Amino acid sequence: MTRSIRKVLAKESSDPRREISLSVNGEAVTRSVSTRLLLADFLRHELGLTGTHVGCEHGVCGCCTVSIDGATARSCLTLAVQADGAEIRTIEGVAPAPDILHPVQQAFHECHALQCGFCTPGFIMSVVSYFEENENPDLGEDAIRDALSGNLCRCTGYQNIVKAVRRAHELMSGEA
Amino acid sequence: MKPPLFDYVTPESVEEAVAARAAEEDSVLLAGGQSLLATLNFRIANPALLIDISRIAALKGIDVGAGEIIIRAMVRQREVELSDAVHGANPLLREVLQKVAHTVVRNRGTIAGSIAHADAAAELPAMLLATEGVVDVQGPGGTRVIEASDLFKFHLTTSLAGDEMITAVRIPNLAPNTGWSFKEFARRRGDYALAGICALVTLDDNGRCTKARLSACGIASTAVRLESAEAELAGSTLDENTIARAAKAARDCVTAADDSQASTAYRRHLVDTLTQRTVAVARDRALERRAA
Ligand SMILES: Cc1cc2nc3c(=O)[nH]c(=O)nc-3n(C[C@H](O)[C@H](O)[C@H](O)COP(=O)(O)OP(=O)(O)OC[C@H]3O[C@@H](n4cnc5c(N)ncnc54)[C@H](O)[C@@H]3O)c2cc1C
Ligand code: FES
Ligand code: FES
């Protein structure tokens, strides 16, 4: 006979809570959250935005990368309450329309820069931000590797991700 | 894992933050969270109260003055790294910051937070020692200034009292005729270094070294000044033989025991090589600046 570990699920916890208001992919959101809720879990569990992945929960893998007020950040190293008043962009907010890929997404697709795809949302967020921050991005191997250094991929070996960064630049500068 | 239970406040002034800290012994300040959140997620830290200082307007902003750079406590590492005014006043900072973690971490992490965290392998404490910077501190009893040489007591331990906080980090501008360099060796980009060396050397009109400041991270229980190596350089023309002697002296400053990352012998080797390279670069930059 299987034994249930906990017969009655707690309906509510005694966690201290705060109300937060923020913008997520351009939509205004107000929610009451536990003070200890990570931004990553807020996005995934409260808003259903499961494109933001959670790998390591200590800032190392980069799967949870989102943009906070225009700069990339680890959503596993940020509390939801810290994002009160902020503008958040997640992977779901990157493509211009549901059936059109962002050039960086298109480039990853073309260059076979993903295999299992677990790391991909984080990489896309980092690469999109690299192009947004640099009008004339350095596309040398060293600069690209540096821009990607906060994201780990266990599948691809990175070669095709580096290629995709250059391809994305071509797509964005109209050299398709 | 997920963080343990805690309460959370967002004071709007330094006084409020200090009062909140004094009222709850089991509280901790939250700045960028790039070290603290990881320790919460691991449940290494289990505080009753987080005091988020990021909403305090008085802790924002950088001032670059005639003599020093004032970096208030909530200034993110990335802002300092990208500031051309800071770079003009002391180019060592950008060189060091580019080795601290990754862009995405520097977007959130603060200079003061890294210094208060005082990881023995962190680059910024070593930078503060070499530049002979100071931190402005505020507690319930008022304000005081702590010099870098009095700040770092042990890995993750500073001389700040439990109810004090850093309000600003102040770093002297690069002195005339002075060259700088920071180099480290890490296994992966953005990792804490196995060893890192910061060098500042000042030359007189004859190319003699009037002042040398060397510091290291990753080689002892805190960031350390390499005074024995500095003494070898002072008064010399920083020729290769002198630099080699200083590097030998620096090598003897390694006190970190063998660990899973590197043996003591390997760290000594790294310190020797990195000292030779940083001092040579700093010397050449000092000569260039003198010529300019
Ligand atoms: C993947 C990854 C890689 C990293 N690599 C490096 C690296 O290579 N080198 C490196 O140096 N660091 C590295 N770090 C750590 C990073 O630099 C942190 O940003 C920094 O150590 C802490 O700054 P913070 O503002 O995030 O502080 P927090 O995490 O908010 O706080 C850290 C500690 O300092 C205290 N504190 C914060 N501000 C103050 C203040 N004003 N007064 C008193 N106490 C204060 C807090 O209470 C806490 O104990 C890395 C982090 C990650 C996640
Ligand atoms: S889950 Fe945030 S960096 Fe790994
Ligand atoms: S594609 Fe599998 S981890 Fe990157």
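Which residues of the largest nonpolar core touch the most other members?

1. The model is a predicted one, and the points below should be read with that in mind. Of the 51 residues in its largest nonpolar core, those that touch the most other members are Ile53(B), Ile115(B), Leu128(B), Val135(B) and Val169(B). The most residues given to this core by one element, 6, come from helix 8 of chain B, which spans residues 123-131.

2. Val169(B) deserves a separate look: leaving aside its neighbours within four places in sequence, Val169(B) is in contact with Ile69(B), Ile70(B), Ile71(B), Ile111(B), Ala112(B), Ile115(B), Leu128(B), Val134(B) and Val135(B).

3. As for ligand 1, the surrounding residues come from chains A and B, so the site is shared between chains. There are 32 residues around the ligand, of which Leu29(B), Gln34(B), Leu36(B), Thr110(B) and Glu123(B) come nearest; by class, this shell has 17 nonpolar, 12 polar and 3 charged residues.

4. Backbone atoms take part in several polar contacts with ligand 1: an oxygen atom of the ligand lies 2.6 Å from a backbone N or O atom of Leu29(B), a polar backbone atom of Ile166(B) is 2.9 Å from a ligand nitrogen atom, and a backbone N or O atom of Asp191(B) lies 3.3 Å from a ligand oxygen atom. The protein covers 92% of the 970 Å² of accessible area that ligand 1 has on its own.

5. In chain B, strand 2 (27-30), helix 7 (111-117) and strand 10 (165-172) are the elements that give two or more residues to the ligand 1 shell, and helix 7 provides the largest share, with 4 residues.

Notes: Residues are numbered from 1 along each chain as its sequence is written. Chains are lettered from A and ligands numbered from 1 in the order in which they are written. This is a predicted model: local features need pLDDT of at least 70, side-chain atom pairs count only at pLDDT 80 or more; totals for chains, interfaces and linings use all residues. Side-chain values use heavy atoms; hydrogens and water are left out. A nonpolar core is a set of buried Ala, Val, Leu, Ile, Met, Phe, Trp, Tyr and Cys residues joined through side-chain atoms within 4.5 Å. Buried means under 20% relative accessible area, exposed over 50%, partly exposed in between (1.4 Å probe, protein chains only). Contact means heavy atoms within 4.5 Å. A residue is near a molecule or strand if one of its heavy atoms lies within 4 Å of it. A polar contact is a pair of N or O atoms within 3.5 Å; within protein, one must be able to donate a hydrogen and the other to accept it, and residues adjacent in sequence count only if both atoms are side-chain atoms. Accessible areas come from the Shrake-Rupley method with a 1.4 Å probe; for residues, only the protein chains shown count as cover. Ala, Val, Leu, Ile, Met, Phe, Trp, Tyr, Cys and Pro count as nonpolar, Asp, Glu, Lys and Arg as charged, and the others, Gly among them, as polar.
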